[in-house]
Amino acid sequence: MSQRRILVVDDDETIGELLEATLLDAGYDVAVAAGGAAALELAERFKPHLVLLDLRMPGVDGRGFVEAYRRAKGRKAPIAVVSAVRDASAAAATLGVQGVLEKPFELNELLNLVARLARG
Amino acid sequence: MARRATSGARRGKRADLSAANQRLRAEIAERRRAEALRDEFLSIAAHELKTPLTSLRGFAQLLMRQLDKDEVPDPMRLRQGLSAIDQQSAKLARLVSQLLDVSRIDAGRLELDRKVADVVGVVEDVVTTARVNTFRHEFTVRAPSGALALVDPLRLEQVVRNLVDNAIRYSPDGGPITIEVEKSRGAGVVTIAVADRGLGVPREHRGRIFDRFHQAHPERAMGGMGLGLYISRQIVELHGGRIEAEYPEQGGTRMVVTLPTGAPTGKSE
């Protein structure tokens with residue numbers, strides 16, 4: 001299987017770095033965007049196999065990203081919400097995304113989720 | 001006659017009941033509003049506390065995974081991880097301190113430890129730290145060589161840091177941040193003004209920016225718990241001073257703190 005590409009969308013710089021470092025160590029190709037608008041642009045070029053998405057972000061937030069990403073042309077990657085908001089699971093269900101991980105999380109949980117959803 | 005008096009008394013009672021009913025409804029509405037605000041605050045506070053916790057646990061686990069694999073951790077990765085743990089634990093400590101401050105204010109136990117200190121020195125220390133943390137903002141400090149006042153220097157630093165942090169946070173595209181210190185010997189006051197050219201405060205939020213839990217840009221999810229200005233105002237008022245917001249025509253916000261240089265009251269109300 002070719003190297004899987006993961007797009008991380010999180011406005012918290014340190015969490016972006018953490019996800020990037022963890023996924024790079026696990027052999028994934030990773031791109032990080034600090035907000036929904038930048039992520040939409042990056043998704044077009046990077047063509048991710050999976051999007052890890054924060055919900056609460058300035059500007060285009062997680063919900064805005066999901067709506068715009070689904071409207072955009074081209075193949076769509078599964079999306080997993082990674083968030084510290086209360087009821088992240090309920091929010092993820094409303095958005096109809098494929099996975100959810102509540103912050104703070106275990107790295108094993110993250111890697112299991114990514115392995116499952118980025119399989120293609 | 002007696003019947004008329006009775007019916008008048010009944011009307012009076014009905015009016016009393018109606019007024020009491022209205023008061024009760026207003027109280028219930030106010031209580032619900034306060035509960036909704038507290039609920040929203042708890043939700044935001046939990047989010048704000050979980051975010052640094054995620055980085056703390058994550059980087060600790062990442063470094064441990066490398067050690068478990070008997071790998072010598074890459075020095076760059078080690079530095080990145082330890083630096084994140086250091087910064088995020090400091091952030092967490094600041095958030096917890098804010099919560100404790102609010103609890104102290106509620107109990108009337110926020111106290112000052114005043115001594116003669118140089119306000120300019122306090123301001124310069126805050127700006128020096130802020131400069132390291134942002135590359136997009138240009139800081140200008142206009143201040144006399146010194147301005148002595150009887151203040152709690154740590155609490156004053158907390159106020160100035162909060163104002164400078166807000167100036168940075170609410171000008172997300174960068175820009176100038178100007179800090180001015182002026183002393184007026186005649187009036188016995190020193191003023192500290194922090195001005196940015198950022199988002200400003202929407203008109204409908206201006207009356208409430210010093211309220212507990214209030215966020216001026218809730219839709220932007222810019223972080224913070226809505227406590228910084230509330231705590232700052234309490235600290236400034238404990239010093240016998242005042243804090244005001246100005247909204248310059250060219251945009252942004254200018255926060256002005258005026259402190260007496262002498263000896264004000266000691267405890268919170």
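Student: Which residues on the other side of H4(A) are exposed?
Tutor: The structure is a predicted model. To count as exposed, a residue must have over 50% relative accessible area. On the other side of H4(A), the exposed residues are A:Ala93 and A:Thr94.

Student: Within what arc do the buried residues of H4(A) fall, seen down its axis?
Tutor: An α-helix has 3.6 residues a turn, so residues three or four places apart point the same way. In H4(A), the buried residues are A:Ala88, A:Ala91, A:Ala92 and A:Leu95. These buried residues line one face of the helix, because, seen down its axis, they fall within an arc of 100°.

Student: Is A:Asp87 buried or exposed?
Tutor: A:Asp87 lies in the loop between strand E4 (79-83) and helix H4 (88-95) of chain A. Its phi is positive, about 60°, although A:Asp87 is not a glycine. Most residues other than glycine have a negative phi. With a relative accessibility of 51%, A:Asp87 counts as exposed.

Student: In which loop of chain A is A:Lys47 found?
Tutor: A:Lys47 is a residue other than glycine with a positive phi, near 45°. A:Lys47 counts as exposed, because its relative accessibility is 52%. The loop that holds A:Lys47 is the one between helix H2 (36-46) and strand E3 (50-53) of chain A.

Student: Is the peptide bond from A:Lys103 to A:Pro104 cis or trans?
Tutor: Most peptide bonds are trans. A:Pro104 is found in the loop between strand E5 (99-102) and helix H5 (107-117) of chain A. For the bond from A:Lys103 to A:Pro104, omega is near -5°, and the bond is cis.

Student: What radius of gyration does chain A have?
Tutor: Chain A contains 5 helices and 5 strands, in the sequence pattern β-α-β-α-β-α-β-α-β-α. Its C-alpha trace spans about 30 × 30 × 25 Å along the principal axes. A compact globule of 120 residues would have a radius of gyration near 14 Å, which agrees with the value for chain A, 13 Å.

Student: What percentage of the 120 residues of chain A count as buried?
Tutor: Of the contacts in chain A with a separation of 6 or more, 62% come from residues 24 or more positions apart. Chain A exposes about 5400 Å², and carbon and sulfur atoms supply 48% of that area. A residue counts as buried under 20% relative accessible area. In chain A, the buried share is 53%.

Student: How many Å apart are the centres of the positive and negative side chains of chain A?
Tutor: Chain A has 15 positive and 17 negative side chains. The centres of these two sets are separated by 11 Å.

Student: What is the radius of gyration of chain B?
Tutor: Chain B comprises 5 helices and 7 strands, and from the N terminus they run α-α-β-α-β-β-α-β-β-α-β-β. For 269 residues the globule rule gives 18 Å, so chain B is more spread out than a compact globule, its radius of gyration being 25 Å.

Student: What percentage of the accessible surface of chain B belongs to carbon and sulfur atoms?
Tutor: Of the 269 residues of chain B, 41% count as buried. The accessible surface of this chain comes to about 15600 Å². The share that belongs to carbon and sulfur atoms is 51%.

Student: How many Å apart are the mean positions of the positive and negative charges of chain B?
Tutor: The C-alpha trace of chain B spans about 100 × 60 × 40 Å along its principal axes. The chain holds 42 positive and 35 negative charges. The mean positions of these charges are separated by 10 Å.

Student: How far apart in space are B:Ser97 and B:Thr253, C-alpha to C-alpha?
Tutor: B:Ser97 is found in helix H2 (residues 75-106) of chain B. B:Ser97 counts as partly exposed, because its relative accessibility is 36%. In sequence, B:Ser97 and B:Thr253 are 156 residues apart. In space, the C-alpha to C-alpha distance between B:Ser97 and B:Thr253 is 26 Å.

How values were computed:
Residues numbered from 1 in each chain as written. Chains lettered and ligands numbered in written order. Predicted model: local features only at pLDDT ≥ 70, side-chain atom pairs only at ≥ 80, totals over all residues. Heavy atoms only, no water. Helix = DSSP H or I, 4+ residues; strand = E, 2+ residues; numbered from the N terminus. Rg over C-alpha atoms; globule rule 2.2 N^0.38 Å. Buried < 20%, exposed > 50% of the residue type's maximum accessible area, 1.4 Å probe, protein only. Areas by Shrake-Rupley, 256 points an atom, 1.4 Å probe, with all protein chains shown as cover. Lys, Arg positive; Asp, Glu negative; His and termini not counted. Charge placed at Lys NZ, Arg CZ, Asp CG, Glu CD. Arc of directions from axis to C-beta. Contact = heavy atoms within 4.5 Å.
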